[in-house]
Amino acid sequence: MRNFDLLEPKTVSEACGMLDAGEDVRPVSGGTALLILVKQGLLRPATLVNLKKLEGANAISRDGAGAVRIEALATIHEVETSPVVREHLPVLAQACHQVANIRIRHLATIGGNLAHGDHQSDPPGVLVALDAEIELSGARGVRTLKVSDFLLGIYETALEPGEMVTAVTVPPAQGRRVGSYLKFTTGSSEERPCAGITALVRLEGDRPVEARLGVGAVGPRPLLLCRDDPTEAVLEEMADRAAEDIDPIPDLRGSAEYKRHLVRVLGRRALAAVWQEACS
């Protein structure tokens, strides 16, 4: 690995100024993805901006309206174990618990996970299903996008040169929300998912008013299906529709047809589980 300069800003504005210096400058936080690419020679940055010393950049909080804000440098483990996330976004805590292994979860950050744009990852599909927004900061200001609009393809995002991810915000659900995340790997539990399925049912009182099915780690970007006034029959139709609409990437983990089958089976299983919990 060739030599590079290391800068250590203390504030977001200072970091944004450093990142705006040119294309050879890259941010690094946990380093679980970036440093591997550097070691393999796929990236050759002249300067790395270490974000780990930014003040308060790993906080997790809930505002008065009920939205949960996760600062970008919160590690996957911190998201998984956060009392705020466990109480208000248990499906996200469930998904983060299944990311890689405990060592990786202690290093990798939620912001870095999204900025990397790896389609075979657990959190992105869940965040899309939760209608989450991502905050991007640069020398020219701050902008906000839906996570679904930020993720463009395999290792491709809407992040512009000089920008960094600063937070992820999940809006509050209207009524009660029941969710489940189902991950399938073809090898050990620590492998990247062959498919990651998020099922959500939202209720107003005792009446289910919306069902959501998110599919991650199968196609170039997460797929989301939503249906109002769901029934058990509608939930099966959603799983079948997801299997048809997904654009699976064939690889060593399975063929395209195999992955469509996974989406259909796991989608029905996840939706049935949340439906049973919602109606119990």
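The model is predicted, so local features need pLDDT of at least 70, side-chain atom pairs count only at pLDDT 80 or more, and totals for chains, interfaces and linings use all residues. Residues are numbered from 1 along each chain as its sequence is written, and side-chain values use heavy atoms, with hydrogens and water left out.

Start with the sheet. Five strands form an open sheet in the order β4-β5-β10-β6-β7, with antiparallel pairing. Strands here are DSSP runs of E, at least two residues long, and helices are runs of H or I, at least four; both are numbered from the N terminus. Two strands pair if DSSP finds at least two bridges between them. β4 (60–62) and β7 are the edge strands, each pairing on one side only. Neighbouring strands are turned by 20° against each other on average, direction ignored. Such angles are taken between axes, which are lines fitted to C-alpha atoms, for helices over the stretch in contact; they run from 0 to 180 degrees between N-to-C directions.

Now look at β6 and β7. β6 covers residues 133–138 and β7 covers 141–146; they pair in the antiparallel sense over six bridges. A hairpin of two residues joins them. E135 stands opposite T144 in β7, and L136 stands opposite R143. Helix α1 (residues 12–19) lies across β6 and β10, and runs at about 130° to β10.

Next, the interior. Nonpolar side chains tend to be buried together in soluble globular proteins. A nonpolar core here is a set of buried Ala, Val, Leu, Ile, Met, Phe, Trp, Tyr and Cys residues joined through side-chain atoms within 4.5 Å. Buried means under 20% relative accessible area, exposed over 50%, and partly exposed in between, with a 1.4 Å probe and protein chains only. The largest core has 36 residues, and I70, V79, L92 and L127 have the most contacts inside it. Elements giving it two or more residues include β5 (68–71), α3 (76–81), α5 (90–97), β6 and β10 (164–170). α5 gives the most, five residues. V79 touches I60, I70, A74, V85, L92, C96 and I110, not counting residues up to four places away in sequence. Contact means heavy atoms within 4.5 Å. A second, separate core of 27 residues includes L203, L235, L271 and W275.

L271 and W275 are among the buried residues of α11, as are L262, L266 and A278. The buried residues of α11 pack against β11 (176–184), β12 (195–204), β13 and α10. The 24 residues of α11 should span 34 Å at 1.5 Å a residue, and its end C-alpha atoms are 34 Å apart, which agrees. The expected span is 1.5 Å times one less than the number of residues.

Finally, take T157, found in strand β9 (residues 156–157). Its relative accessibility is 17%, so T157 counts as buried. Leaving aside neighbours within four places in sequence, T157 is in contact with L114, A115, G117, F150, L151 and L152. A polar atom of the T157 side chain lies 3.2 Å from the backbone nitrogen of L159.

Key: A polar contact is a pair of N or O atoms within 3.5 Å; within protein, one must be able to donate a hydrogen and the other to accept it, and residues adjacent in sequence count only if both atoms are side-chain atoms.
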